[in-house]
Amino acid sequence: LRCCGPPPVVASPPIDWAAAGTDFPSCIRTGVVLRNAGAFAVFGDLSLYGRAGCFQNNCKLTDKFQATSPAVCARACSLMEECTHWTFGLQGGVQRCFMRKSDEARELLQGFVSGSEACVPPPIRPA
């Protein structure tokens, strides 16, 4: 029985992202977080997608930003050259997107979802 502190880290088994397909949102993997692990963050100008929750409060050079849905993460990743994967989940009490260039630092963690750069919702139609 565990009393205190964060839950233990549980590595995720490899994910066949190609088999996950591109049909959004069924291509999303639930309960998986893709960590930076000091090597896998993709930094860029994400100020078009978020204005808060960014690395060092600088959304013009960040790998994360505050967002309301995984669809925002997917769209941002699909437009970043280095981004191959994205993660959406709660960090510091705020829902955020995280841009990644690998899925090597996968962990199982409830409350997070992840996808590949191919896992993107259809384009938004102009009003």
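Cys-73 and Cys-97 are both buried in this structure, which is a predicted model. A disulfide joins the two residues, with an S to S distance of 2.0 Å. Cys-73 belongs to helix 2 (residues 70–78) and Cys-97 to strand 5 (residues 94–100), so the bond ties together parts that are 24 residues apart in sequence. The torsion about the S-S bond is -80°, and the link of Cys-73 and Cys-97 is left-handed.

This bond is one of four disulfides found in a search of the whole structure. Another joins Cys-27 to Cys-119. Here the S to S distance is 2.0 Å. Cys-27 sits in the loop between helix 1 (17–20) and strand 2 (29–34). Cys-119 lies in the segment after strand 6 (106–116). The pair therefore ties together parts that are 92 residues apart in sequence. The link of Cys-27 and Cys-119 is right-handed, with 80° about the S-S bond.

Cys-27 has a relative accessibility of 1%. Buried means under 20% relative accessible area, so Cys-27 counts as buried. Cys-119 has a relative accessible area of 0% and is buried.

A further disulfide connects Cys-54 with Cys-59. Its S to S distance is 1.8 Å. The torsion about the S-S bond of Cys-54 and Cys-59 is about 90°, so this disulfide is right-handed. Cys-54 is buried. Cys-59 is buried as well.

The surface was also examined. Phe-43, Phe-55 and Leu-61 form a nonpolar patch there. Together, the three residues have about 270 Å² of accessible area. Phe-55, one of the patch residues, is found in the loop between strand 2 and strand 3 (64–66). The relative accessible area of Phe-55 is 34%. Partly exposed residues fall between the buried limit of under 20% and the exposed limit of over 50%, so Phe-55 is partly exposed.

In outline, the disulfides include a left-handed link of Cys-73 and Cys-97, a right-handed link of Cys-27 and Cys-119 and a right-handed link of Cys-54 and Cys-59. On the surface, Phe-43, Phe-55 and Leu-61 make up a nonpolar patch.

Key:
Residues numbered from 1 in each chain as written. Predicted model: local features only at pLDDT ≥ 70, side-chain atom pairs only at ≥ 80, totals over all residues. Heavy atoms only, no water. Disulfide = S-S within 2.5 Å. Helix = DSSP H or I, 4+ residues; strand = E, 2+ residues; numbered from the N terminus. Buried < 20%, exposed > 50% of the residue type's maximum accessible area, 1.4 Å probe, protein only. Patch = residues over 30% accessible without salt bridge, like charges linked within 9 Å, V, L, I, M, F, W, Y side chains within 5 Å. Areas by Shrake-Rupley, 256 points an atom, 1.4 Å probe, with all protein chains shown as cover. Salt bridge = Lys/Arg side-chain N within 4 Å of Asp/Glu carboxyl O.
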